[in-house]
Amino acid sequence: HALRAAFRSRRPVRLELPSDLTQVDIPVPEDTLTLDGPATDPSQVEDAATALAAMLTGASRPLLVFDLPAVRWGALPAIEEFCAGLDIPYFCTLPAVHQAHTEHPQFMGILPGKDADRQRIFSEADLVVACGLIESDVTTGFFSLGLDAKPVARLHTGYTPLGGPSWTD
């Protein structure tokens, strides 16, 4: 279970064994470990895409923020294509800054930032699409972004809460 979780989340896991188990014989499976996760339900993916499209249609100044988990998923090329296709700006968090393509025309830099233009773009945004955003003091400038005051579409690998029911894969 731990190896599958590490593979799916692209994050470390911790496995602890009680010291009194060192002498216990355990059965070892003969089959190969399969890392496939649960099958994705295409109707849930379609529902999530429809909900996100509706949110984007209703927004006049959307923007996207990605964090390091989105990079681990290999989503950065899709993020760049998405933002270029819709002509919306995107930012990254401090942990993801070394993965960002700073020359991309839609890339606005690290969020949060002290740059007045970046702050204005973020404060005027009426929708934030957050890809893999882990809301911590580091990624949100000590929780100063005010995400609670804006509509936020949170996209994660296993679930996508978009204001209504959460879609999971």
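This is a predicted model: local features need pLDDT of at least 70, side-chain atom pairs count only at pLDDT 80 or more; totals for chains, interfaces and linings use all residues.
Residues are numbered from 1 along each chain as its sequence is written, and side-chain values use heavy atoms, with hydrogens and water left out.

Select β4 (127-131), a strand in the sense of a DSSP run of E with at least two residues, numbered from the N terminus, just as helices are runs of H or I with at least four residues. Five of the five residues of β4 are buried, so this strand is largely enclosed by the rest of the structure; buried means under 20% relative accessible area, exposed over 50% and partly exposed in between, with a 1.4 Å probe and protein chains only. In a regular strand the side chains alternate between the two faces of the sheet. In β4 both faces are covered, with L127, V129 and C131 buried on one side and V128 and A130 buried on the other.

P62 has L127 as its bridge partner in β4, and F66 stands opposite C131. β1 is itself mostly covered, five of its five residues being buried, with P62, L64 and F66 on one side and L63 and V65 on the other.

**Stop two: the nonpolar cores**

Now select L64, F66, I79, Y90, C92, V129 and C131, the residues with the most contacts inside the largest nonpolar core, which has 23 residues. Such a core is a set of buried Ala, Val, Leu, Ile, Met, Phe, Trp, Tyr and Cys residues joined through side-chain atoms within 4.5 Å. Apart from it lies another core, of 12 residues, among them V65, F122, A130 and L147.

**Stop three: the aromatic cluster**

Which three residues form one aromatic cluster? Select F66, Y90 and F107 to see them. Rings of Phe, Tyr and Trp (its six-membered ring) pair if their centres lie within 6.5 Å, and planes under 30 degrees apart count as stacked, over 60 as edge-to-face and the rest as tilted. By this rule there are two aromatic pairs.

F66 and Y90 form a tilted pair, 6.1 Å centre to centre with 45° between the planes; F66 lies in strand β1 and Y90 in strand β2, so the pair ties together parts that are 24 residues apart in sequence. Y90 and F107 form a tilted pair as well, at 5.4 Å and 55°, linking β2 to β3 (residues 107-110) across 17 residues. Y90 is buried with a relative accessible area of 0%, and F107 is buried with 11%.

**Last stop: a charge over a ring**

Finally, select K150 and F122: the charged end of K150 sits over the ring of F122, 5.3 Å from its centre, the criterion being NZ of Lys or CZ of Arg within 6 Å of the ring centre and within 35 degrees of the ring normal.

Technical notes
Two strands pair if DSSP finds at least two bridges between them.
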